[in-house]
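Take a look at the model below.

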Amino acid sequence: MNNKEKILWITHTAVFIALLIVLQAATAPFGNVLITGTIVNLLLIISVMTCGFASGFSVAIISPMIAKFLGIGPLWVLIPFIAAGNIMLIFLWYFVGNRNWGHKYIAYITALITAATAKFIVLYIGIVQIAIPLFLDLPEQQATVISHMFSIPQLFTALAGGIIAAMILPSLKKAIRVNAPF
């Protein structure tokens, strides 16, 4: 990668991180996991599909930490699990969504279903089945609330973010003329 490509990669990644910060902060007052989660998943998918795996990976790792610093994120012990779910989402979108199966939407639909399901499974097993019972000593009511937040709503937000991404990615890629060079 030459210097121009490095600068472009840093710039694109910084733009997605900035968008993530602004949109998480803007949607936090609504207190709605579905809105914020959908937007975060949309940005993760767009970053990996327009700027490449390294950019998507960076945004996926940084996202839960930013949320925590903004005061809307989870407990510190949950951050590695959320990052793992984000990485699973971008990994599958990148490697499945960029396949050529005759029509781009076939790859996008396949990526949408596999990535959303995989992220849901990683978060459910990691947080609901491992982190909450083993690492956190929470009152039952609080454990139930956190368990609910990291179960089915995560599947819905990953699907919703993916649907929006699949609808706008073809136009977005043409508009910015980026074909995931990294």
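This is a predicted model: local features need pLDDT of at least 70, side-chain atom pairs count only at pLDDT 80 or more; totals for chains, interfaces and linings use all residues.

Residues are numbered from 1 along each chain as its sequence is written, and side-chain values use heavy atoms, without hydrogens or water.

Start with helices α2 (residues 33–51) and α3 (residues 53–69). Helices here are DSSP runs (H or I, at least four residues), numbered from the N terminus. The axes of α2 and α3 lie 6 Å apart, at an angle of about 155 degrees. Axes are lines fitted to C-alpha atoms over the stretch in contact, with angles from 0 to 180 degrees between N-to-C directions. So α2 is roughly antiparallel to α3 (angles over 145 degrees count as such). The contact (heavy atoms within 4.5 Å) includes Val40 and Leu44 in α2, and Val59 and Ala60 in α3.

Next, α3 and α4. Their axes come within 9 Å and cross at roughly 155 degrees. That makes α3 roughly antiparallel to α4. Among the residues that meet are Phe57 and Ile61 in α3, and Ile87 and Phe91 in α4.

Now the largest pocket. On a 1 Å grid over the protein atoms alone, a pocket is an open set of points where a 1.4 Å probe fits, with protein on both sides within 12 Å along at least five of seven lines; lining residues have an atom within 4 Å of a point. Of its 27 lining residues, the closest to the centre are Val33, Ile72, Gly73, Met149 and Phe150. Helix α2 gives the largest share of the lining, 5 residues.

Technical notes: Helices (H or I, at least four residues) and strands (E, at least two) are DSSP runs, numbered from the N terminus. Angles under 35 degrees count as roughly parallel, over 145 as roughly antiparallel, 65 to 115 as roughly perpendicular and the rest as oblique.
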